[in-house]
Amino acid sequence: MARTKSTMLRLSERERMILKNVIRTFVRTADPVGSKTVADQLRVDLSPASIRNTMSALEERGLLDHPHTSAGRIPTIAGYRAYVDTLMRPAPLSASARQRIQDELAGLGGDAWELIREGTRVLAEMSSLLSIVLTPKLSTGVLHRIDAIPLASTRVLFVITVRSGLVNQIVLEVESDLDANELQTVLSSLNERLSGLKLSEIRDTLDARLRELGRTDSSGILRLILKHASVLFSEQDAGQRAYVTGTQHLVGQP
């Protein structure tokens, strides 16, 4: 990306204008864009020959390409990147669009995952495009609290909540029957020591932080947490972090 920005700094105003027009036209039509098309759309005092020379210069910089010799130009990956980083000016949301988003998401409360899922759907519907939302990395989040819910005498659901609202839930097997009071005592001690730390920091230093506390733990909860720290305080699989919807809109795009 740094290389793309450096390239853009060297572009003239004419080159920027023509690159922007080629990319917008190609996105709209999916056809290679010729110099006459650019001249007709820009309505500036530039001949098709001048525009062809500028397009050739953009091709030499790696921002445009052409399928074959006589065809018009198409954007390269670097050209798209340059457009998104420096040339694109997204229009602000209209009042009606903002109101629709508020209406669609208002009833979701504090469920971050449901908000992400529904937000992805609304984004796809409003844009008529494919919508992809990638949740933040859990390990960079700051721990809010650890909760544990006994599911059976030897199974516990651990709930790791970070301050952004994201939650990691893991079911673990314990070696012996749990005492609910002991469990709550251990959780209180854990939250006192770990709340406010990044999950990645907790994972890397957990053994040292809990060493003293572990000497008085007869429940086995601390040993269980230490054993499974890499699962409790780590990332989800990338496939679970990504929400994709709106694939049906792709067939309507050129």
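Modeller: A helix here is a DSSP run of H or I of at least four residues, a strand is a run of E of at least two, and both are numbered from the N terminus. α3 is followed by R43, whose phi is positive, near 55°. The model is predicted, so local features need pLDDT of at least 70 and side-chain atom pairs pLDDT 80 or more, while totals for chains, interfaces and linings use all residues. Residues are numbered from 1 along each chain as its sequence is written, and side-chain values use heavy atoms, leaving out hydrogens and water.

Colleague: Which class does S128 get, and why?

Modeller: The relative accessible area of S128 is 35%, so S128 is partly exposed. S128 lies in the loop between α7 and β3 (131-134), and S128, not a glycine, also has a positive phi of about 55°.

Colleague: How do you know where the buried residues of α3 lie around the helix?

Modeller: In α3 (residues 35-42), the buried residues are S35, V38, A39 and L42. Seen down the axis, they fall within an arc of 100°, so they line one face of the helix; the arc is that of the directions from the helix axis to the C-beta atoms. They pack against α2 and α4 (48-60).

Colleague: What makes α3 and α4 parallel, perpendicular or oblique?

Modeller: Their angle is about 115°, and their axes are 8 Å apart. That makes α3 roughly perpendicular to α4, because the class runs from 65 to 115 degrees, with under 35 roughly parallel, over 145 roughly antiparallel and the rest oblique. Axes are lines fitted to C-alpha atoms, for helices over the stretch in contact, and angles run from 0 to 180 degrees between N-to-C directions. S35, V38 and A39 of α3 meet P48, I51, R52 and M55 of α4, where contact means heavy atoms within 4.5 Å.

Colleague: Why are α2 and α5 described by their angle as they are?

Modeller: α2 (residues 13-29) and α5 (residues 77-87) pack at about 110°, with axes 10 Å apart. They are therefore roughly perpendicular to each other. Across the contact, R16, L19, K20, I23, R24, F26 and V27 of α2 meet G79, Y80, Y83, T86 and L87 of α5. By class, these residues are 7 nonpolar, 2 polar and 3 charged.

Colleague: What does K20 touch in that contact?

Modeller: Leaving aside residues up to four places away in sequence, K20 touches Y83 and L87. K20 and L87 are 67 residues apart in sequence but 6.6 Å apart in space, C-alpha to C-alpha. At 26% relative accessibility, K20 counts as partly exposed.

Colleague: At what angle do α6 and α7 pack?

Modeller: α6 (residues 95-105) and α7 (residues 112-127) pack at about 145°, with their axes 10 Å apart. The residues in contact are A97, R100, I101, E104 and L105 of α6 and L115, E118, G119, R121, V122, E125 and M126 of α7. These divide into 6 nonpolar, 1 polar and 5 charged.

Methods:
Nonpolar A, V, L, I, M, F, W, Y, C, P; charged D, E, K, R; others polar. Buried < 20%, exposed > 50% of the residue type's maximum accessible area, 1.4 Å probe, protein only.
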